Amino acid sequence: MIQDYFRKDLSDFESYNAGKIDYKVRLNANESFNNLGATTRKKLGRVIEDSIYNRYPDVESRNVCNLYAKYAKIENVNIMAGNGSDECIQIIAHTFLNNGDKVAMQSPDFSMYGLYTKVAGGIPIEFPLDEKLELDVEGFISMANKKEVKIVYLSNPNNPTGNIITRENIIKIIEGCKCIVVIDEAYFEFYGKTIVDKINTYDNLIVLRTCSKIGLAAIRLGFLITNKTLMEELKKVKPPYNVNSITQSIASVIFLEPELIHKNVEQILIERSYLWEKLSKIEGIKLYKSKSNFILVEVPNAKKTKERLIDQSINVRSFSTGKLENCLRITIGSREENNCLLKNITLDN
Ligand SMILES: *Cc1c(COP(=O)(O)O)cnc(C)c1O
């Protein structure tokens with residue numbers, strides 16, 4: 001049987017299913033509700049027309065990396081581009097993990113940390129957040145060291161809670177954990193604080209960023225930021241030509257004009273305040289503080305609430321099990337989309 005050649009340890013894996021996408025109001029995937037403006041898209045049209053299609057892309061995505069380095073206030077040598085930060089997560093796993101190596105993460109946190117750990121033959125160790133969905137920092141550090149994990153992945157702000165780990169505690173984790181510490185700053189723009197300034201202070205720190213939440217999910221581009229020693233090791237594993245030329249060109253246009261991003265983020269933050277304010281007035285909903293482009297809410301019966309929203313063609317993110325069983329993660333939408341959600345959200349039991 002052909003299945004005899006398959007990996008036994010992948011037998012219970014499922015392919016990533018983002019669900020159908022033709023809902024009228026899509027508040028499930030933490031995308032930006034704004035598309036790029038017409039003027040920018042026109043400019044990009046010319047860039048696409050002028051692209052060189054018969055040659056491989058720049059293997060190191062230099063131009064876009066240099067522009068992003070400026071945007072992130074770091075040096076050019078400290079950055080690598082990936083096909084989404086997803087690919088960076090995967091590159092890290094394949095660079096440092098041998099079969100059976102352990103990796104620590106919070107639960108809940110971004111699901112790809114566990115997935116890529118397992119695909120690389122590693123063992124994810126999940127550390128549950130407390131009832132307030134906060135991290136017991138000391139407990140986490142001592143667990144990571146006791147289990148002798150090789151990598152720690154933490155999203156900050158956390159997806160799906162929206163909560164943050166303070167800078168002081170991030171530093172405690174980097175200093176306390178005897179392993180590679182990956183701080184995933186996918187939502188940096190909505191929080192405003194970063195730890196990238198410490199990549200050359202600590203030999204074990206890697207920071208991740210992405211373009212997906214700030215209006216460029218379509219082009220699949222993420223960044224890995226770290227010191228030279230780790231970078232050299234990671235580059236051995238990075239697939240060649242991993243970021244296509246069109247993505248590189250498009251992102252270069254955008255990061256030449258970072259005000260485009262700042263303006264979009266500003267609008268998302270205004271809508272976050274609006275949605276928070278309105279949701280907090282609904283009796284029976286519990287809100288978790290958010291420094292991201294989404295709000296996690298707890299309702300009496302998340303399954304029912306979601307079904308009713310889907311009936312109105314509004315999609316939000318739900319969670320099947322565990323602590324988040326009755327939670328929904330609602331991406332910040334446009335004013336119109338937010339009002340549509342507010343009008344249709346119900347709290348039946
Ligand atoms: C969305 C998200 C990513 C994925 O980013 P891509 O660049 O689209 O692959 C990574 N980490 C976290 C925590 C996210 O929420």
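# Exercises on strand pairing and helix packing

In this predicted model, Arg 317 stands opposite Arg 329 in strand E12.

**Exercise 1.** Starting from that pair, determine which strands pair with E12 and in which sense, and how many of the residues of E12 are buried.

*Solution.* Begin with strand E11, which pairs with E12 in the antiparallel sense over two bridges. Turn next to strand E10 (residues 294–298), which also runs antiparallel to E12 and is joined to E12 by five bridges; within this pairing, Ile 295 has Ile 330 of E12 as its bridge partner. Now consider the side chains, bearing in mind that in a regular strand they alternate between the two faces of the sheet. In E12, Cys 327, Arg 329 and Thr 331 point one way, while Leu 328 and Ile 330 point the other way, and all are buried. Taking buried to mean under 20% relative accessible area, five of the five residues of E12 qualify, so E12 is largely enclosed by the rest of the structure.

**Exercise 2.** Identify the buried residues of helix H12 (residues 335–344) and the elements against which they pack, and then describe how helix H10 crosses H12.

*Solution.* The buried residues of H12 are Asn 338, Leu 341, Leu 342 and Asn 344. These buried residues pack against strand E1 (25–27), helix H10 (259–279), helix H11 (302–311), strand E11 (314–318) and strand E12 (327–331). For H10, the next step is the geometry: the axes of H10 and H12 come within 10 Å and cross at roughly 15°. Angles under 35 degrees count as roughly parallel, and H10 and H12 are therefore roughly parallel to each other. The crossing of H10 with H12 is right-handed. On the H10 side the contact is made by Ile 270, Glu 271, Tyr 274, Leu 275, Lys 278 and Leu 279, and on the H12 side by Arg 335, Asn 338, Asn 339, Leu 341 and Leu 342. Sorted by class, the residues of this contact comprise six nonpolar, two polar and three charged.

**Exercise 3.** Carry out the corresponding analysis for helix H2 (residues 62–72) and helix H9 (residues 245–256), giving the crossing, its hand and the residues in contact.

*Solution.* The axes of H2 and H9 come within 9 Å and cross at roughly 30°, and the two helices are therefore roughly parallel to each other. Their crossing is left-handed. From H2 the contact draws on Asn 63, Val 64, Leu 67, Tyr 68 and Tyr 71, and from H9 on Gln 248, Ala 251, Ser 252, Phe 255 and Leu 256. The composition of the contact of H2 with H9 is seven nonpolar, three polar and no charged residues.

Definitions and conventions
Residues numbered from 1 in each chain as written. Predicted model: local features only at pLDDT ≥ 70, side-chain atom pairs only at ≥ 80, totals over all residues. Heavy atoms only, no water. Axes fitted to C-alpha atoms, helices over the stretch in contact; angles between N-to-C directions. Helix = DSSP H or I, 4+ residues; strand = E, 2+ residues; numbered from the N terminus. Parallel < 35°, antiparallel > 145°, perpendicular 65-115°, else oblique. Left-handed = near helix turned anticlockwise from the far one by under 90°. Contact = heavy atoms within 4.5 Å. Nonpolar A, V, L, I, M, F, W, Y, C, P; charged D, E, K, R; others polar. Buried < 20%, exposed > 50% of the residue type's maximum accessible area, 1.4 Å probe, protein only. Pairing = 2+ DSSP bridges.
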